[in-house]
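Subject: Structure handover

Dear colleague,

I am passing the structure below on to you, together with notes on what was found in it. Please read them with the coordinates open beside you.

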Amino acid sequence: MIPVLLLFIPLVAGILGFFIKDQKAASNWAIVASVITLLTAVIGIYAMPASMHQFEATWLPSIGASFSVALDGMSKMLVLLTAISMPLILIATRNNNYSNPGAFYALMSLAQVGLMGVFVSMDALLFYFFWELALIPVYFLSSIWGGEKRIAVTFKFFIYTFIGSLLMLVGILFVYLHTKDHSFAWSSFTNTDLLSGQETLPFFLFFIAFAIKMPIFPLHTWQPDAYEQAPTATTMVLSGVMVKMGLFAAIRWVLPLFPIATKTFAMPIVILSVIGMIYASLIAIKQDDIKRLIAYSSIAHIGLMAAAIFAGGTLGLQGVQVQMFNHGINVIGLWILANAIESTLGTRKLSELGGLATKAPTMAILFVVLAFANIALPLTNAFIGEFLLFNGLFQYNIWIAAAAGVSIILGAIYTLQMVQKVLFGEVSAVTANATEINSYSKWVLIVIVIAVIALGVYPQPLIDLTKDSVNALLVIK
Amino acid sequence: MKFSFRWPVAAVTQLSATDITIITTLLFVGAMGKSAQIPLYTWLPDAMAGPTPVSALIHAATMVTAGIYMIARSNILYTMAPATQTLVAIIGLSTAIFAATIALKQNDIKKVLAYSTVSQLGYMFLGLGVGAYTGAVFHVMTHAFFKALLFLGAGSVIHAMHHEQDITKMGGLKSKLPITHLTFLLGCIAIAGVPPFSGFFSKDEILMAAYATNPIFYYVGMGGALLTAFYMFRLYSLTFLGNFRGTAHQQEHLHESPIAMTLPLMVLAFFAVVAGFIGIPELFAPNAHALEHFLAPVFAGSKALTHAHHLEASTEWILMGTATTIILIVIVYAITKFKKYETAEPNTGIAKVLENKWYIDELYDTVIVKPLYWFASVLKNSVEKLVIDGAVNGVGKLVGYGSRQFRLLQSGQVGSYILMMVMALVLFIIIWFNDTTIMRFIHKIF
């Protein structure tokens, strides 16, 4: 029942939200709905018996598709991430004003429905349905409330991911035709009569869709543009939660479905991911725009997770689980800072900033902690995640792990460069009148920073939560 | 799997020799960065831009010695990897000499101390490399006292000089800052290795072990010790002796620092003088090396694997005596030479190279930093924009182009539509009646 509620609450909130005209009221409505969703998720996951964690209803019995949703370790973790992210995002950007606010917040809620649906679906057709549902609100959010180049960028983003989705749809049909009982259920999909040679085609049909979403090099070029042009709240949803769809889907819908093809093509995929890490890190070094810098930094971090997924192994896969959550909240924190800087100072260019540490000391402290988390310094949550990921990669291939390690150094370069240019140095003309960030952003950042340190010191809750998913994967392999 | 710092001997002996060599080398690279050894030392002198107490605590006394601590902790691994040990010794020794040469020509009081720190860390690695683990840890300890003392003394001087750090603009501070002067002098004597100050005992222990391993290590190390004595007393002499060379305003306000600053100096000076007595060598008194007994459990594993070769007592006496004599001569020479220092003359030749730190920063900039940035901008401006995104947009354009071409088919001319209809009909028939007669008929035609 819980997964149904998690879909139902934001859905109703979204539909009703369209009718609200007032900015503050629309924002309040969305925040209340997201908090209720969060409470439902937390209580449902931690206080309700396991029988409440799944639900199945007939949907299209003639073709073997059913409305089958369930929460296992990985989906619990991602549902929590989604549920936690939404109120954080909405509260932090509460001071942003939108034309037609009702529609904006309604679409945000609907995006949450799509995300939740992707994470809880145990039926391939339902999964595809939610996969697209998550994309559509984001398309409208970006193309209506985005930046100057929003139309072209959003169009590219949509077409790019849509092509991937269609390939996946073909893949779903392909596998469906090979299921023993002609069903779209996940359990049937993981138990097909596909011969080892037949796995290749559907493997790539699925993989490309997810690789675009993650993204894996060289399918990443939509992302920096989309992150830059989308309204910040949407960017936060995109990079904090939505890119996890690709990683999640690779673990749920690729690894157990095509174990042989996964093994066969793991090496090139891991290598591409690692190339992407280094490549994105190098580009991040030369970025002057904070948003694009964070975007490329995020591509580098996702690359490590993608590499670890295909490298396999207990530690690596456990690391992916932990890091998906950590990356989610950390990158949202960075976007909040970027948003705060842009909305108060009117620029995102590093070359125009400087000396904010003296002007906004509280922000500076929060900024520095999040920057450390971005470098995965010990005592931040990202350290645990990346340590596990590197362990997995190391056990797969030492040289690939070493190459991936280079991107950590590069990560320190671009992150500290950003810190240096934003917080330290001379106060520039732009930053001369800078003030502290607004208290909404500040309090959300404080919550995130506490989580960063708490999970850095004691990550066990995340590991416990996702252990069963990791073990299930290892059984399949 | 367990991460424990007490490398269990049983587990370690299961590793192959190659693995141990690789592991120890990689750990050593980490230590190189942390403890500022060649080629990863350039950050430390730059980090001295921080406040002086920070330099004293973090960049001299404690944090930078973490690399030495780590290797001493892992002594069992290093003892089993003689190749890495040799590497550690050579890197340590080279750093000791190299940094000392740079310190000879620096005029910033903190820079001299910074390069001196790099150099002393080199001695500690030399100690680790020749298996003198106790000696290395001993030097970590004595160095912490006299280097913290020197840095805080430098802080007191800088404070008195109104944030002037250039020693060529100081001089004659002896009478104005008596406590700072005296404690600084004690620190200089300690670092120079004059018996019975603390630096003498720890450095002596390392150098004697170096001699036992390879006399060349000893001679080169001793050369470095002479450089140390020289640059430290150059620093002392330029700062405290001779005539004052600063501005009149500075001279007017010259003052000894408050008790809050001088008290730590006195405490540290006390230890800089006496701390060596916890490590009295076998030569002076048998079984008097308290630190060795204290650390024995940590190094027990590696001690069991090696048989320490002891030097003849007479050899040790000769080496010690000669070294001390030469060091004293160097000290007197440096004091007299720089006492009369008046104005700076531009350096030429090798002195200029030393003043510019062998141009290593520039070298790194040219070889690593600039190419990296160049490569990054090529990726950003060309590869990303033109190649990868170009390909993506190219696909989009191709579709657009295809659509435009197909659009031309809808010309609005009835004739062409009829032609197309007929063609389509023919195709349809071919596919519909896809039986052998028609196919054969077609084959006959073509």
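The notes below go through the two chains in turn and then through some local features.

Please keep in mind throughout that this is a predicted model.

Let me begin with chain B, which has 20 helices and zero strands. Its radius of gyration is 35 Å, whereas the globule rule gives 22 Å for 446 residues, so chain B is more spread out than a compact globule. Along the principal axes, the C-alpha trace of chain B spans about 115 × 65 × 40 Å. The domain assignment divides chain B into domain 1 (9–355) and domain 2 (368–445), and the centres of these two domains of chain B, taken over C-alpha atoms, are separated by 73 Å. Of the 446 residues of chain B, 39% count as buried, and among its contacts between residues at least 6 apart in sequence, 84% join residues at least 24 apart.

Chain A is also assigned two domains, domain 1 (1–257) and domain 2 (263–477), and here 22 Å separate the domain centres, again taken over C-alpha atoms. The contact between them takes 39 residues from domain 1 of chain A and 43 residues from domain 2 of chain A. On the domain 1 side, the elements that give two or more residues are helix H3 (73–92), helix H9 (222–229) and helix H10 (232–254) of chain A. By class, that side of domain 1 of chain A has 23 nonpolar, 11 polar and five charged residues.

As for the contact between the chains, seven residues come from chain A and 10 residues from chain B. The side of chain A that touches chain B has five nonpolar, one polar and one charged residues.

Turning to local features of chain A, strand E1 (residues 54–60) and strand E2 (residues 65–70) run antiparallel and are joined by six bridges; A:Gln54, for example, has A:Ala70 in E2(A) as its bridge partner. The two strands, E1(A) and E2(A), form a hairpin with four residues between them, and A:Gly64 in the turn has a positive phi of about 85°.

Helix H17 (residues 398–423) of chain A has 26 residues and reaches 37 Å from its first C-alpha to its last, which is close to the 38 Å expected at 1.5 Å a residue. Several residues of H17(A) are buried, among them A:Ala401, A:Ala404, A:Ser407, A:Leu410, A:Gly411, A:Tyr414 and A:Met418. An α-helix has 3.6 residues a turn, so residues three or four places apart point the same way. What covers the buried residues of H17(A) includes helix H11 (259–285), helix H12 (290–311), helix H14 (356–359), helix H15 (361–375) and helix H16 (381–396) of chain A. After H17(A) comes A:Gly425, whose phi is positive, near 75°.

One further residue may be worth a look, namely A:Ala106, which is found in helix H4 (residues 101–120) of chain A. Is A:Ala106 buried or exposed? A:Ala106 counts as buried because it has 26 C-beta neighbours inside 10 Å, where the cut-off for a buried residue is 20 or more. Leaving aside residues up to four places away in sequence, A:Ala106 touches A:Gly14, A:Gly17 and A:Phe18. A:Phe18 and A:Ala106 are 88 residues apart in sequence, yet their C-alpha atoms are 5.5 Å apart in space.

Methods
Residues numbered from 1 in each chain as written. Chains lettered and ligands numbered in written order. Predicted model: local features only at pLDDT ≥ 70, side-chain atom pairs only at ≥ 80, totals over all residues. Contact = placed C-beta atoms within 7 Å. Nonpolar A, V, L, I, M, F, W, Y, C, P; charged D, E, K, R; others polar. Rg over C-alpha atoms; globule rule 2.2 N^0.38 Å. Buried ≥ 20, exposed ≤ 12 C-beta atoms within 10 Å, placed from the backbone. Domains from an automatic or database assignment. Pairing = 2+ DSSP bridges. Expected span 1.5 Å × (residues − 1).
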